[in-house]
Amino acid sequence: MLLVKINCQCEIGESVSPLRYNLQRISLQWEISFKKLTKSVVYYYFFVLILLLLFSFCNDYALHGPVFIQEPGHVMFPLNSEEKKVKLNCEVKGNPKPHIRWKLNGTDVDIGVDFRYSVVEGSLLINNPNKTQDTGTYQCIATNSFGTIVSREAKLQFAYLENFKTRTRSTVSVRQGQGMVLLCGPPAHSGELSYAWIFNEYPSYQDNRRFVSQETGNLYIAKVEKSDVGNYTCVVTNTVTNHKVLGPPTPLILRNDELLEGTKIQEHKNSRIITDTSSCQQLCLLLSF
Ligand SMILES: *[C@@H]1O[C@H](CO)[C@@H](O)[C@H](O)[C@H]1NC(C)=O
Ligand SMILES: *[C@@H]1O[C@H](CO)[C@@H](O)[C@H](O)[C@H]1NC(C)=O
Ligand SMILES: *[C@@H]1O[C@H](CO)[C@@H](O)[C@H](O)[C@H]1NC(C)=O
């Protein structure tokens with residue numbers, strides 16, 4: 001004969017759900033006694049199953065402080081987005097069920113006052129997000145009778161790209177054979193940018209003589225040729241919003257003193273001696289890419 005006595009005690013605090021509202025204490029006591037248990041494998045498995053069920057029941061309903069299942073992450077929201085709401089995730093477990101609050105830049109988000117906000121299963125939903133009102137650092141705070149936990153800081157930012165302020169750029173004149181750089185100078189923005197250049201009407205290709213820096217947007221051209229003469233326009237794309245803006249065109253011309261100093265320049269080209277510092281820097285940049 002085998003006697004198994006399992007004692008499982010679960011305490012339930014405040015109302016967890018209407019069903020269990022009045023339950024202050026669930027006490028389970030199991031007495032299982034099987035004769036000739038070892039004879040039957042079926043009984044054995046049945047016994048293990050009951051043990052597992054009891055274990056998971058006790059585990060789920062045991063009282064404990066709040067624990068994060070999911071913490072909020074940084075959000076980059078496209079300002080011109082079709083979707084007019086943003087969600088900051090937060091999922092917490094705990095018993096009693098934790099109460100969840102949100103903070104923006106360290107002060108409580110007043111869910112009741114601003115109708116744009118709502119908390120759905122812990123996550124913060126913001127309808128019609130507004131750059132001036134909603135940009136900032138958010139934290140999810142979960143509290144029950146056992147304690148309070150504070151999530152990591154999650155930044156909400158708005159991705160945008162303004163138009164270029166200037167309409168014209170002054171002409172750049174270069175000696176044939178020299179290296180040069182055309183500055184893009186992207187307008188005010190938030191979110192990652194990508195850069196390209198238009199040469200006259202055509203997208204400028206990159207080869208071993210031309211290079212567009214994806215850091216600054218600047219266009220580098222080595223050993224300028226007659227065919228490089230024309231208008232250059234920087235094209236800036238915000239990779240988050242896919243919004244694209246064109247810069248003012250920069251005309252490029254060849255300097256005429258080439259004829260007077262022809263031999264000297266030829267010499268420079270062959271020996272790679274450059275006398276003025278700015279072209280030296282440009283060449284260094286070109287060689288380093
Ligand atoms: C965003 O909020 C600011 C300040 O409250 C307000 O002036 C502006 O009109 C709002 N923008 C939009 C698109 O609702
Ligand atoms: C929160 O703080 C950031 C950084 O200081 C600031 O740019 C933003 O405007 C603030 N947000 C609000 C809603 O005050
Ligand atoms: C460059 O732009 C100027 C002004 O828009 C125009 O007069 C000129 O013909 C253009 N040059 C080329 C090579 O397209």
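Trainee: Which residues are around ligand 3?

Mentor: This is a predicted model, in which local features need pLDDT of at least 70, side-chain atom pairs count only at pLDDT 80 or more, and totals for chains, interfaces and linings use all residues. Residues are numbered from 1 along each chain as its sequence is written, with chains lettered from A and ligands numbered from 1 in the order in which they are written. A residue counts as near if its C-beta atom, placed from the backbone, lies within 6 Å of the molecule. Around ligand 3 are N200, G230, N231, P249 and P251.

Trainee: How many residues of that shell around ligand 3 are polar?

Mentor: Ala, Val, Leu, Ile, Met, Phe, Trp, Tyr, Cys and Pro count as nonpolar, Asp, Glu, Lys and Arg as charged, and the others, Gly among them, as polar. The shell has two nonpolar residues and no charged ones; the polar residues number three.

Trainee: Which strands are at the edges of the open three-stranded sheet?

Mentor: Strands are DSSP runs (E, at least two residues), numbered from the N terminus, and two of them pair if DSSP finds at least two bridges between them. The order is β5-β10-β9, with antiparallel pairing. Pairing on one side only marks the edge strands, β5 (85-88) and β9 (117-120).

Trainee: Which residue in β10 stands opposite V86?

Mentor: Strand β10 covers residues 123-127 and runs antiparallel to β5, joined by four bridges. Opposite V86 stands I126.

Trainee: Which strand has the highest mean pLDDT among the elements of the protein chain?

Mentor: pLDDT is the predictor's confidence in each residue, from 0 to 100, and the chain averages 79. The highest mean, 97, belongs to strand β11.
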